[in-house]
Amino acid sequence: MNILPTRRDEAFRYSDIEALARLWPLPAAEHIVVPAGGNFVRTIVQDSGTIHQLDIAIGKGATAALHVLNIGGDYGRVELNVTLHEGADFKLGAVQIGGGIQNLEIVTTVTHAEPGATSSQIVRSVLAGTATGTYLGKVAVARDAQQTDSEQSVKAMLLDRSATANAKPELEIYADDVKCAHGCAIGELDPMGLFYLQARGLAPADAKKLMLQAFVAGVFEGASDEVMLTSLALQKLGELV
Amino acid sequence: MLQITNLHANVGDKPILKGLTLSLNAGEIHAIMGPNGAGKSTLGYVLSGRPGYEVTEGSVTFNGEDLLGMEPHERAAAGLFLGFQYPVEIPGVSNVQFLREALNAQRKHRGEPPLSGGEFLKVAREQAGALGMDMDMLKRPVNVGFSGGEKKRNEMVQMGIIDPALAILDETDSGLDIDALRVVGDGINRIMRRPDKAVLLITHYQRLLDYVKPDFVHVLADGRITRTGGAELALELERDGYKELAA
């Protein structure tokens, strides 16, 4: 893509186009091929306002697991284009945390090209100020890709009424024997829960932090960089509450 | 210890407390009884500082300090504990982690050193054991999947760990079977029946008072204390109902 996208492009519908223009033209996406039977893991920490684009082809019976923490810069975007071959498995655990005027996006296209592949995407966003957090996630299942099992779990927590969360899990299914679960919820912290924690002695910021920590907990479970990702996420949450 | 004077409070625009005056000294257990909608739970929430409960008149001092000027967590650090009528479920937050953070936040506020993980677990194990609660339950997310009785038991475990000077227990007896009622009653006596502590028991029924004998019983009706007596008043209420006495 050489032409700067506009907001009419679905994949850039909520993007900060001005910020995007400053980064344009983007370098070519990183291409990753996971050979049949292989295992691929990757941790992406977006903490400086950059755009990460990955194309991943996962071979027969292979697995790929990505953990993403999207927290930095005015505009940060992580774009994943994943193709699954027979019996392959893809896992994404992503957290984006933004405040101020930040615009953070995770955009995925997961194509089940062949039968028996599984994919799971868990995305949690915490947004404060006038920040915008977006997840656009398309799961495409080809005609032959029977016994596809895919799951998308998308949740966002708004700390201020002025923050925005966009979430669009999308399914395009041409096979007839598939399981494609998707769930999406946007909410705010339970005021009664916050009061309960405060009544036991936690200061308001600490009570919020504890509840937010619980909200994002689990996303990085099992990641090779779990400790680092969790501590960076907590630090960022601490800045927002 | 606690001095409530001519307290008026609104929830939204609706006046609920209308001139409530009550005084608790150290070493005393007071029971507040009254019909539905009299303002019993509102009193508990106002004293603990729940947002949305607005004091429009009157004063409350706690050990000489202005209680109403403090944030909820400051009231906790000052020694006030509210046992919730409906303990809140908080998914993902473990009891142990939450209580340790809460206790250490209170200690920090009072200028005391924090408890280490080991020290805290020792206290937690003692309190859970005394209330017949499994340590595994204490490691689970706060109140999630707990039965009504387990939630109330958990409140008492929390009270034991936090060890407050003043406990306001809002219908801690509701939802308890007879055995659990005895365990909770024994817990209140063990933790709070001390010369330097006080308890305000908010309840509908006499039965908890069989286990926790109050020094004073007050009738709260239409936002005011309408009658005060000794433990025998609760029995009288049980027999004659509120209508008779509130009038």
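Predicted model: local features only at pLDDT ≥ 70, side-chain atom pairs only at ≥ 80, totals over all residues.
Two strands are said to pair if DSSP finds at least two bridges between them. Helices (H or I, at least four residues) and strands (E, at least two) are themselves DSSP runs, numbered from the N terminus. With those terms in place, β4(B) and strand β5 of chain B, residues 65-66, pair in the antiparallel sense over two bridges.

Residues are numbered from 1 along each chain as its sequence is written, and chains are lettered from A and ligands numbered from 1 in the order in which they are written.

Let me stay with the hairpin. Two residues lie between β4(B) and β5(B), and B:N63 there takes a positive phi near 50 degrees. B:F62 has B:E65, in β5(B), as its bridge partner. Strand β4 of chain B, residues 53-62, is also joined by eight bridges to strand β1 of chain B, residues 2-11, and these two run antiparallel. Within β4(B), B:S59 is the residue opposite B:T5.

Two further positions in chain B have a positive phi without being glycine. For B:E171 the angle is about 45 degrees, and this residue sits in the loop between β9 (166-170) and α7 (178-192) of chain B. Is B:E171 buried or exposed? It counts as buried because 21 C-beta neighbours lie inside 10 Å; the cut-offs are 20 or more other C-beta atoms within 10 Å for buried, 12 or fewer for exposed, and partly exposed in between, with C-beta atoms placed from the backbone. For B:D222 phi is near 50 degrees. B:D222 belongs to the loop between β11 (216-221) and β12 (224-229) of chain B, and its 16 C-beta neighbours inside 10 Å make it partly exposed.

B:N25 occupies the loop between β2 (14-24) and β3 (29-33) of chain B. B:N25 is exposed, since 12 other C-beta atoms lie within 10 Å. Leaving aside neighbours within four places in sequence, B:N25 is in contact (C-beta atoms, placed from the backbone, within 7 Å) with B:M1 and B:A198. Its C-alpha atom is 8.3 Å from that of B:K197, a residue 172 places away along the chain.

I turn now to chain A. Its secondary structure comprises four helices and twelve strands, and 42% of its 241 residues are buried. Of the contacts between residues at least 6 apart in sequence, 78% join residues at least 24 apart. UniProt, in an unreviewed entry, lists residues 50-215 of chain A as "domain: SUF system FeS cluster assembly SufBD core". Over that range the chain is 13% helix and 57% strand, with the end C-alpha atoms 25 Å apart. A:P25 lies in the loop between α1 (17-23) and β1 (30-34) of chain A.

Finally, the interface. How many residues does each chain bring to the contact? Chain A contributes 18 residues and chain B contributes 22 residues. On the side of chain A that touches chain B, α2 (191-199) and α3 (204-216) each supply at least two residues. The most comes from α2(A), with eight residues.

Methods
Contact = placed C-beta atoms within 7 Å. UniProt positions renumbered as here; feature names shortened; annotations may be inferred.
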